[in-house]
Amino acid sequence: MRPTTELLTAACLLLAGVPSLSAGDDTVSFNQDIRPILSNNCFHCHGPDPQDRKAGVRLDVPDEVDLETLVERITSDDPYSVMPPPESNKTLSAAQIETLKRWVEQGAGYEEHWAFIPPRAAEAPEVDEARFAKHPIDRFVYAKMKARGLSPSPIADKRTLIRRLTIDLTGLPPTSEQIETFLADPSPDAHERLVDRLLESPHFGEHVGRYWLDLVRFADTNGLHHDHYREMTPYRDWVIRSFNENLPFDEFITAQIAGDLYPSPTTDQLIASGFNRLHLIIDRGTALPEESFNRNVVDRVSSVGTAFLGLTLECAVCHDHKYDPITQRDFYQLYAFFNNFDGAPETGRRGTLDFKRGLQPPYLELPSDDQRRRRGELEQTLADLEQQLRGAKKRLQRAGKKQPPKSKPPAESSQPDGDGAEGVVAPAALKAAQAEVDALTQQINRVKAEYQTLLMEIPATLVMKEREEMRPAHILVRGNYDQPGEPVQRDTPGFLPPLREAGERTDRMDLARWLTDPQHPLTARVAVNRFWQQIFGVGLVKTSEDFGAQGTPPSHPALLDHLALRFVESGWDVKALLRSMVLSETYRQSSAAPRERFVDDPENRLLARGSRYRYDAEVIRDSVLAISGLLNPKLYGKSVKPPQPEGLWQIVAMPYSYPRVFQPDQGEKIYRRSVYSFWKRGLPPPQLTIFDAPTRESCIARRERTNTPLQALVLMNEQQYFLAAMNLADELIGRNDTNDAERIAEAYERVTAQLPDQSTQQRLSDALKQFRKLYADDIASAERMIGQHDRFAAALSWDDDRKVELASMTMLVHSLLNLDRAKTRE
Amino acid sequence: MTMNRDHRSTTTRRGFLGHFGMGLGATALGNLLHQRQVSAGQADYRLPGKAKRVIFLFMAGAPSQLDLFDHKPDLHKQFNQPLPPSVSMGQRVTAMTKGKTQLVAPSMFKFAPQGQSGIHMSELLPHLSGVVDDLCLIKTLNTDAINHDPAKTLICTGSQIPGNASLGAWLSYGLGRMNEDLPDFVVLNSAFWTGGTGNVQALYSRLWGSGFLPSKHQGVSFQPSGDPVLFLSNPAGVTAASRKTMLNLVTDLNRQHLDAVGDPEIQTTIAQQEMAFRMQTSVPELTDLSGEPQHVLDLYGEEMGKSGSFARNCLLARRMAERGVRFIQLFHRGWDHHVGLPKKLRGQAYDIDQASAGLIRDLKARGMLDETLIVFAGEFGRTTYCQGKLTPTQYGRDHHPRCFTIWMAGGGIKGGIEYGQTDEFSYNVAENPVHVRDLNATILHQLGIDHEKLTFPFRGLDQRLTGVEESHVVHDILA
C-alpha cells in the first residue's frame with residue numbers, strides 16, 4: 001500500500017486538471033491561449049452580440065479596444081474599474097492575466113478562430129524515435145509529447161491489442177479462437193490483417209452506427225406528452241448498412257440532409273432523409289400547432305449544428321450568439337431551409353392505422369416482395385368482395401321491396417324457399433339475401449383484419465418532404481413563434497464560406513453540397529474528431545459538440561487538420577480513416593502507466609499511453625452476452641424489448657400512452673445487441689441509462705463516463721447479466737475433458753482476453769473451492785439459483801454435486817464479469 | 001465557480017472495511033477526504049445556508065390555486081360572467097380553450113381564516129390548515145410554459161427544453177454527499193391517486209435527470225413494488241455468504257490490477273462496489289417501517305398503510321431526511337382538472353392534506369423542520385374561467401401560467417405568511433411576482449448556494465439552474 005502523503009499529493013495534482021496543451025515556448029497563440037480566456041470571461045459583454053455590448057468595446061476582433069486600458073483594467077485593484085467586473089462572477093487567474101499581458105507585449109495579434117478557416121496542410125514533424133517516425137499520426141503525437149517531456153509507452157501485448165481492436169471496431173469481444181489465430185500469426189502484418197477482417201465484420205456498422213444514433217437522437221417514441229410509439233427503424237438499419245458498406249461520408253451527410261431532393265431518389269436516400277424527422281413531436285390538442293411547428297424546425301436546425309457543424313446554433317434562436325459570430329439572422333436563414341416541411345407538426349389522430357404503426361405522413365413503406373404480393377392480393381380480394389357486397393345489398397333491397405306488405409318477419413318464417421314464383425317473393429328469399437350480405441360483411445372484416453395485420457408488419461419509416469409552395473421565413477423576435485420579424489431567405493452563416501446555389505430554388509441539396517465542399521472548415525474536422533473520440537476515448541477537440549469559441553481548442557491542431565484533409569482526399573472514406581488510426585503506434589501503446597501519468601493527464605490528451613476508460617453501456621451488455629454465448633447476432637430490423645424490472649413505464653407514463661405497458665419480448669429476441677433495444681425517450685432501458693446512455697431527447701456528441709454504485713448493482717444483480725454467468729458456467733462444467741484450472745483459465749480468457757497469471761489462477765481456484773463449500777452446505781440456494789430460469793430446468797434433476805458445481809462456477813464467472821477490467825478498455 | 005473535473009467521489013471508511021477484505025483502504029480514503037476539503041475550499045458559490053436538505057412535494061398536473069389557497073371572496077358575484085378583456089388582455093391560452101368564451105367560475109369550496117396568522121385556507125385542506133402557521137404561501141408564482149410537459153421540465157430543471165440538469169442534480173453536484181450508504185437525490189412517485197385517472201400526465205426521467213451534469217448526480221427513483229432501488233436484490237441463490245466471497249475475490253483482483261496498470265479509476269470502482277453492497281442493507285432498512293411507533297404512523301393518515309401512496313412516501317421522505325439524503329422529491333399525479341374539478345380535487349386534496357401536514361408535524365417534533373425545506377408546488381395554476389360545463393358546483397379549469405400558489409415550510413422560511421397578491425380573479429399578479437427562476441434561486445440560497453455562481457460549462461455556456469435571465473432570491477420570505 002502506498003503511503004498516504006503520496007496519495008494526497010497525487011490528489012492535489014489531479015485537481016490541477018487538464019495539463020496546458022499549448023507549446024512550450026513563450027510565444028502566445030491567439031487561438032490556443034488567448035481566445036479561450038477572452039471568450040469565457042469577456043465576450044459576453046465585449047463579443048459578437050451588439051445588444052449586450054458594453055461601452056462599445058469588443059475584443060473578438062482587432063483594433064476595437066485600447067490595449068493599454070485593457071491591461072490596466074484587468075490588473076486593477078479597484079472593484080469599480082477591474083475587468084471582468086465582480087458582478088459578472090468571472091475572475092481572471094494570475095496566470096491568465098500574465099498570458100494576456102504577454103499577448104499585448106507581443107503585439108496583440110489576432111487570428112481568425114481556428115475552426116472557421118479551412119484546414120491547412122502541414123508537414124508531419126520529423127521524429128527521431130524510429131517507432132514513431134513512420135505513421136503521420138505518430139509523428140504529430142510524438143512531437144507534442146516530446147515537447148512536454150514525455151515519451152511513448154511500450155506497445156501493448158497482443159492479447160490486449162486484439163481485445164482493444166475487436167471491441168473498438170465491432171463493439172464485441174474476440175473469441176478464444178480469434179485470439180489463438182492472432183497469437184499464432186507472427187508475421188509483421190498480422191495486426192493489419194486483423195484490422196481488415198474487423199472492418200469487414202457486419203458488426204462494425206452496428207457499433208460505429210450507434211454513436212451516430214446518439215448524435216441524431218434516434219429513438220422509438222415521440223418524446224413529449226404521451227410519448228407515443230414512432231417507427232423509424234429502417235433509418236437505423238440504413239445507418240448500420242451505410243457504415244458496413246462504407247458509404248462515403250459526404251454522401252452519408254447529403255442523403256440525410258437532402259435525400260428526398262435527388263432528381264429520382266433511391267429508397268435509401270429517402271430513408272436517410274428521415275434525419276429531418278428525428279426530432280421530438282408533441283401530441284395534437286396540447287400546444288398550439290404553430291408553436292409546435294416552430295419548435296420542430298428549431299430542433300431540426302439545432303441538430304444540423306451539433307451533428308455536422310459542431311456549432312451551438314440554437315444559441316442564436318433569440319439573439320445573436322454571445323461567443324461565436326452566428327447572428328440571429330444566420331439562424332433563421334438556416335431555418336428557412338427546414339421550415340418547408342410538408343406534414344403536420346403534431347402526432348396523428350389516435351385510433352388510425354398510421355397511429356398504431358407509429359407513422360405520421362410523409363412516410364415510406366418498405367414491403368418485402370412477399371408482403372407486396374400479399375398486399376396486392378388482399379387489396380384485390382377486398383375490392384372483389386366489396387363489389388359482391390354491393391350486389392348482395394341491391395338484391396336485399398329488391399327482396400325487401402317485393403315483400404308483401406303484411407308478411408311476417410323473415411326470422412319467423414317456417415316456409416320453405418319459394419324462389420322462382422315471379423312477383424311473389426317468399427320471406428325465405430329475403431332471409432337468403434340477408435344471409436349473403438352478412439356472410440360477405442364478415443368475410444370483408446376478416447380480410448380487413450388480415451390486411452391490417454399485414455400492414456402492421458410492413459416496415460415503414462418517416463421521411464422528409466418539401467412543400468410545393470415555399471413557406472416564408474422570418475426572424476422570430478426573441479425566438480417567439482408568434483412574433484415574426486424581418487423576412488429572410490435561405491442562406492448560410494456569413495462567417496463561413498458562401499453558399500453556391502445550383503438550381504432555381506435554393507434548397508437543402510445546396511446546403512448539403514455546401515457542407516460537404518472540400519473547402520468547408522468545419523464538416524470534415526468535426527467528423528474526424530468524432531471518429532477519433534470513438535477510437536481514443538476523447539476527441540482531439542474535447543468538446544466534440546462545440547467547435548466554437550467556447551469549445552476547447554484542439555490538443556493537436558495540425559494533426560486534426562491533417563486527418564480532415566486526408567479524409568476529404570480519400571473520398572470521405574470512413575473505414576480508411578479508422579484503419580489509419582488503429583494502425584498507428586499511438587493506438588497500439590499499452591494503457592498501463594506509472595500512476596503519475598494518470599494524475600498528470602487523466603484524460604490522456606497527450607496520448608503518451610493507450611487510453612483506458614469504461615466502455616459504453618451497450619458494449620458492456622453486448623460483451624457479457626457474447627462472452628456467455630447468449631448473444632443473438634441477427635442484424636437489422638424492428639426494435640426489441642429485453643426484460644426490465646416490472647412497472648417502470650406505468651409509474652411514469654400517461655394512462656393512454658401507446659404503448660403504456662412494457663411487454664418484454666420472448667425467446668432469442670431478448671439477446672440481440674443493445675443497438676436494437678426499444679428506446680422510449682420518457683424512460684429508456686435502465687440497464688443502459690445507468691451506464692450513461694443518453695435519453696435521446698437531444699443530440700449528444702459525447703457521453704459522460706461515470707462510475708456509480710447503481711452501475712455496480714446492475715452488474716451484480718441484473719437478471720440477464722447473471723443468466724450470462726450461469727450460461728457460461730453451464731458450458732464450462734459440461735465439458736468432461738477439462739479440469740478446474742483449464743475451466744478457470746477459459747472463463748478468465750473469455751472475459752478479459754488474457755490468461756490468468758499464477759497468483760490470479762490460485763486466487764480464482766481458492767474462490768471456486770469456497771463457493772463449492774458454500775453451496776455444498778446449502779443445496780437449497782444452489783437449487784434456487786438454478787431454478788430461476790427455465791433455460792436450466794433440466795439441471796434441477798441433476799445430482800447434488802453437479803448442482804453445486806453449476807452454482808459455484810456461476811459465481812466464479814459472475815465474479816469475473818464484475819471485475820473492473822471486464823467493463824474497461826485496456 | 002466552475003468544476004471541470006468531477007472530484008466529488010463518494011466514500012469513507014465507515015461500515016464496509018469490515019465487510020470484505022481491506023476495502024478501499026487508507027489510500028483512497030485519504031484521497032477522497034482530501035478532495036472534499038479542496039472542493040469546499042474552492043467553493044466560492046457557497047453561502048451560509050439554513051437548510052440542509054429539501055423535500056419537494058411536486059403536484060404534477062397543476063392544482064387549482066383558486067380552490068385550495070387563493071381565496072377570492074367576491075368572485076361569486078362574477079359567476080358565469082365573461083372574464084373582462086381588461087383582465088385577460090388577449091393573453092395566450094391553450095389549444096383546448098382557444099377561441100371560447102371565458103366564463104368566470106368561482107370556487108365552490110369554503111375558505112376560513114386559520115391559525116394565529118389567520119391565513120385563509122380551503123375546507124379541502126383541514127390538516128394543512130392546522131399547520132398553517134408553519135407555511136409560507138407564495139401566491140404569485142408564475143411560469144413561462146402553458147403546457148404540462150414544458151412547464152414540468154421548466155420547474156424541475158430550470159428550462160423548458162429537455163437536457164438541463166434538475167434541481168436535485170444541481171444540489172448533489174454543488175453540495176456533495178451527506179451520507180455514505182444512500183443516494184443523495186431520491187425520487188418517490190405515487191403509484192396511485194384518488195382524483196381520477198382520466199387525464200393524467202406523464203413523468204419523464206428527465207425531471208430528475210442530471211442533464212449535462214455527470215449522471216451520478218441524477219435522482220434515484222425508488223419503486224413502490226419490487227426492489228425499491230433497481231437491481232438492489234441479489235439474484236436468487238446468491239446468499240449473503242456467496243456475495244461476500246464474490247466481492248472479496250473481485251476486490252482482490254481489482255486491487256492487483258490497480259497495482260499493475262496504475263489507473264486510479266479502479267479505486268473508484270472498488271469504492272462504488274462497496275457502496276452498492278452497503279445499499280443492499282441500508283435501503284431495506286430505510287423502507288422497513290416496522291420500527292415506527294403507531295402515533296407517528298397516525299400522523300400521516302390511513303393511506304400510509306398502502307405501499308406506493310403519497311402518504312407512505314411522505315413517511316419515507318422523513319426517514320430519508322434522517323439518514324442524510326439531500327434532496328427528496330415526491331411526484332403526485334392526477335391534478336389536471338379540465339372538467340369535473342370539484343370531485344377530483346376533493347380526492348387529490350385527501351391524498352396530500354394529512355400526509356404533508358403529518359410530515360411537517362413529524363419533522364418539527366424531531367427538531368428537523370428548521371433545517372429541512374419543504375416545497376409544495378405544481379407546474380402552473382388553473383384558470384379563473386371555466387372549461388366545460390359550468391354550474392356553481394360543477395366546473396373545470398384550464399392551464400394558467402400567470403399566477404399560482406405554492407407553499408414552503410421550514411428550512412429558514414418564515415411561517416404563517418402569505419407572499420404576493422393576485423388580482424380579484426386570480427388571473428394576473430397584482431403585487432410581488434415570483435418567477436420559477438426566483439423560486440429556484442431561493443431554494444438554492446436556503447441550501448447555501450449562490451445561484452449565479454454555481455455553474456457548469458456546457459455547449460459554450462456557464463450553465464446555471466436559473467438560466468441566463470434575471471432571477472432573484474425572495475428575501476422577504478426568509479426567516
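Helices (H or I, at least four residues) and strands (E, at least two) are DSSP runs, numbered from the N terminus. The model is predicted: local features need pLDDT of at least 70, side-chain atom pairs count only at pLDDT 80 or more, and totals for chains, interfaces and linings use all residues. Residues are numbered from 1 along each chain as its sequence is written, chains are lettered from A and ligands numbered from 1 in the order in which they are written, and side-chain values use heavy atoms, with hydrogens and water left out.

Chain A contains 33 helices and 6 strands. Its C-alpha atoms fill a box of roughly 115 × 80 × 50 Å along the principal axes. Of the 826 residues in chain A, 58% are buried, where buried denotes under 20% relative accessible area, exposed over 50%, and partly exposed the range in between (1.4 Å probe, protein chains only). The chain exposes about 33,500 Å², of which carbon and sulfur atoms supply 52%; accessible areas come from the Shrake-Rupley method with a 1.4 Å probe, and for residues only the protein chains shown count as cover. Contacts, defined as heavy atoms within 4.5 Å, were also examined by sequence separation. Among those in chain A between residues at least 6 apart in sequence, 72% join residues at least 24 apart.

Helix α15 of chain A (residues 328-338) is mostly covered, with 10 of its 11 residues buried. The buried residues are A:Gln328, A:Asp330, A:Phe331, A:Tyr332, A:Gln333, A:Leu334, A:Tyr335, A:Ala336, A:Phe337 and A:Phe338. Their cover includes α12 (249-258), α14, β3 (473-476), β4 (484-488) and α19 (508-515) of chain A. Within helix α14 (residues 289-309) of chain A lies A:Val301, which is buried at a relative accessible area of 1%. Leaving aside residues up to four places away in sequence, A:Val301 touches A:Leu313, A:Phe331, A:Leu334, A:Tyr335 and A:Phe338. The C-alpha atom of A:Val301 is separated by 27 Å from that of A:Arg349, 48 residues apart along the chain.

Two helix pairs of chain A were considered in turn. Two packed helices are described by the angle between their axes and the distance between the axes. Here, axes are lines fitted to C-alpha atoms, for helices over the stretch in contact, and angles run from 0 to 180 degrees between N-to-C directions. The axes of helix α7 (residues 158-170) and helix α8 (residues 176-183) of chain A come within 10 Å and cross at roughly 125°. The two helices are therefore oblique to each other; angles under 35 degrees count as roughly parallel, over 145 as roughly antiparallel, 65 to 115 as roughly perpendicular and the rest as oblique. The crossing of α7(A) and α8(A) is right-handed, a crossing being right-handed if the near helix is turned clockwise from the far one by less than a right angle, and left-handed if anticlockwise. In this contact, A:Lys158, A:Arg159 and A:Ile162 of α7(A) meet A:Gln178, A:Ile179, A:Glu180, A:Phe182 and A:Leu183 of α8(A). These residues divide into 4 nonpolar, 1 polar and 3 charged, with Ala, Val, Leu, Ile, Met, Phe, Trp, Tyr, Cys and Pro counted as nonpolar, Asp, Glu, Lys and Arg as charged, and the others, Gly among them, as polar.

In the second pair, the axes of α30(A) and helix α33 (residues 800-817) of chain A come within 9 Å and cross at roughly 35°, again with right-handed geometry. From α30(A), A:Asp740, A:Arg743, A:Ile744, A:Ala747, A:Tyr748 and A:Val751 contact A:Glu805, A:Met809, A:Leu812, A:Val813, A:Leu816 and A:Leu817 of α33(A). By class, this contact has 9 nonpolar, no polar and 3 charged residues. Helix α30 (residues 740-752) of chain A also holds A:Glu742, which is partly exposed at a relative accessible area of 42%.

Several backbone features were also noted. Most residues other than glycine have a negative phi, and most peptide bonds are trans. The peptide bond from A:Met83 to A:Pro84 is cis, with omega near -10°, and A:Pro84 lies in the loop between α4 (67-75) and α5 (94-105) of chain A. Another cis bond joins A:Pro361 and A:Pro362, with omega about -5°; A:Pro362 is in the loop between α16 (353-356) and β1 (363-365) of chain A. A:Trp572, although not a glycine, has a positive phi of about 55°. This residue lies in the loop between α21 (557-569) and α22 (574-582) of chain A and is buried at 4% relative accessibility. In chain B, B:Ala62 has a positive phi of about 85°, lies in the loop between β1 (53-59) and α2 (65-68), and counts as buried at 0% relative accessibility.
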